[in-house]
Amino acid sequence: MLLRHYGMALAVAGAIPFSTHAQRTFIRVNQLGYLPLEPKTAVACSLDSTSIKSFTVQDVNGHVVFGPAKAQAFGSFASCASTHRLNFSQLRKPGRYTVVAGGASTSIVITSKTYDGAADTLLAYMRQQRSGFNTLVKDSIHKYDGRIVDHPTRTNEFINVSGGWADASDYLQYVTTSANATFVMLMAYRDNPKAFGDRFDARGLPGANGVPDILDEAKHGLDWLLRMYPGGEDMFNQLADDRDHMYFDFPWRDSSDYGWGKGKERPVYPCTGKPQGLFTAKNRSTGYASTAGKYASAFGIAAVVFRKSDPPFAKLLRERALAAYRLGRQHPGVCQTAPARSPYFYEEDNWHDDMELGAASLVDATGELHFLGDALLHARNEPVTPWMGKDTANHYQWYPWHNNGHYEVWRNGTAGEKAQMAAFYRRGLAAVAARANNGFRVGIPFIWCSSNLMASFATQAYLYRKMTGDNRFREYEASALDWLLGANPWGVSMIIGLPAKGNFARDPHAVITSKMGYQLTGGMLDGPVYRSIYQHLKGISLHNPDEYEPFNTGFIVYHDDVGDYSTNEPIMDGTANLTYLFAAMDRSNH
Ligand SMILES: [Ca+2]
Ligand SMILES: [Ca+2]
């Protein structure tokens, strides 16, 4: 295992995580590259209190093309005893360069093509996560989904809910994450259609089918959501539960037994408006609205996107969006995911954000402006996504990680309403930025799934900039994106396979990587967490020596190890969430 590990890392020139000689300063960069006209910063992380006065940027011939320029000292951050920001934003000429500082150097690239195809790369992971027809085995998996549980009159009844995506490296499926993923992918396409290509068919197999691949993927999600909410009074929320965790199986050989036989039917949970859990652990559900709003928004935006290409499908989606939204109004409150044998569940506590987005999506889907009034009321109930500015939060307590609803309201609002939505975003961004006075310019809390928070912060900052032209958070936005692509203490891109020759996770918490050596291209990892979280989660232990050990001495940790499900597990909804930002950064749209 160890040999495979180091062998792959060494094959990447300049991307060795840690060398045995006494290198103490490491220059961390956005490994994918830098856009010519955008902010460009590298971060020097020193494992001792090194002071760096200046840095240069050299071309491939070793000629200095920028600097010596001042290295901006920012003190310690996590394992970095000292950090320095190396800002070369003024270097705009495309090319390959080397950033040199404090006896260390790292290569970078500046090109307008930095993000070309990056959003499509994320979709590779989404295809791999498909339930129903799966591209890896070219066959249907989880063929017996599923049987209704926890229902007053329909318990044990079979319902066909085949399809959708596995949530992470287990095979649970949630409407809350799947509907958000579907919404964001449709939003990404609506706003930046030119970022997406057509190289795969509807089933996810290679070969163009005349449909942008992002819409093929969104359609796969919609088909599942339409099964999970067939209309009417029963709204389903979850397929399978954590009894899945008994086995670390291939998806096509899932041995989970929910009482109907190994590998047979999986349970389908409805929203009930009450605390849910078939065994000891219970969630704190109070209503339907958090799930109903997400259904309404995914169906609502889809009704607009498919209006021209498939009018009957668009009509069905519009009707289903209205039905879901009505059910959300009847049952305010949250519909959380249901735990089974384990104490963990998605502890979502907010639902105004979901109903806001649902209502705002219905404005475009139906042309009825009264939905905008609904959306505004919900927006004012939760102006700022509550994790922003905080030091911690429960698992998925404030979800989605940013509220696209404010942007959707802004699109149809009056001047005053637009200004209010921008002000709401500004408050959240300012609260995060106020905590970001460090060398990496990051102010998110390092709770479980920190990469999601990083991506959502950057997306909200981008939307705010687009809405207002105000660049005050520009540097923080770029820093969050840089962090995800390698400008972090470990020098690891949090997206597997991006860039193709970069330094990314070789040993993620995923069975098809650990047992088949298959690379989960495009998957975004959970990302670093507070040391205290890592130490207190159940069932975590490293399977191999930690190659990033020198960088895991601070308040946050990251391990490229199959045993660490807290930092090194790819996640479906986070990956989909990033499609918007990557598409927006793709210069083919501009
Ligand atoms: Ca296609
Ligand atoms: Ca919510």
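My entries below go through the metal sites, the cavities and a few strands.

**Ground rules.** I am working with a predicted model, where local features need pLDDT of at least 70, side-chain atom pairs count only at pLDDT 80 or more, and totals for chains, interfaces and linings use all residues. Residues are numbered from 1 along each chain as its sequence is written, chains are lettered from A and ligands numbered from 1 in the order in which they are written, and side-chain values use heavy atoms, with hydrogens and water left out.

**Calcium ion, ligand 1.** I looked up the donors, meaning N, O and S atoms within 2.8 Å of the metal (3.2 Å for Na, K and Ca); water is not among the atoms, so sites may look incomplete. This ion is held by D198 (OD), F200 (O), N209 (OD1), V211 (O), D213 (OD) and D216 (OD), at 2.3 to 2.4 Å. Along the sequence I read the spacing as D-x1-F-x8-N-x1-V-x1-D-x2-D. F200 and V211, 11 residues apart, both sit in the loop between helix 3 (175-191) and helix 4 (213-228). Helices here are DSSP runs of H or I with at least four residues, strands are runs of E with at least two, and both are numbered from the N terminus.

I then checked the geometry: the 6 donor atoms make angles of 81 to 173°, and the site is octahedral. For reference, ideal angles for six octahedral donors are 90 or 180 degrees.

Buried means under 20% relative accessible area, exposed over 50%, and partly exposed in between (1.4 Å probe, protein chains only).

**Calcium ion, ligand 2.** Which residues coordinate this ion? I found E348 (OE), N350 (O), N350 (OD1), D353 (OD), D353 (OD), D354 (OD) and Y399 (O), at 2.2 to 2.8 Å. The donor residues are spaced E-x1-N-x2-D-D-x44-Y. E348 is buried, with a relative accessible area of 3%, and N350 is buried too, at 2%.

**Cavities.** I searched a 1 Å grid over the protein atoms alone; a cavity is a set of points where a 1.4 Å probe fits but cannot get out, and lining residues have an atom within 4 Å of a point. I counted 7 cavities of 30 Å³ or more.

Of its 13 lining residues, E38, P39, Y115, A478 and L481 are closest to the centre. Helix 12 (residues 474-484) gives the most, with 5 residues.

**Strand 6.** Two strands pair if DSSP finds at least two bridges between them. Strand 6 (residues 80-87) runs antiparallel to strand 5 (residues 72-77), joined by 4 bridges. F77 has C80 as its bridge partner. The hairpin of these strands has 2 residues between them, and A78 takes a positive phi near 50°. Strand 2 (residues 41-46) also pairs with strand 6, antiparallel over 6 bridges, and S46 partners S82 there. Because 6 of its 8 residues are buried, strand 6 is largely enclosed by the rest of the structure.

Methods. 1 Å grid on protein atoms, 1.4 Å probe; cavity = no way out; pocket = protein on both sides within 12 Å on 5 of 7 lines; lining within 4 Å. Points joined across faces, edges and corners; volume = space filled by probe spheres on them. Tetrahedral: all angles 85-135°; square planar, octahedral: opposite > 155°, others 65-115°.
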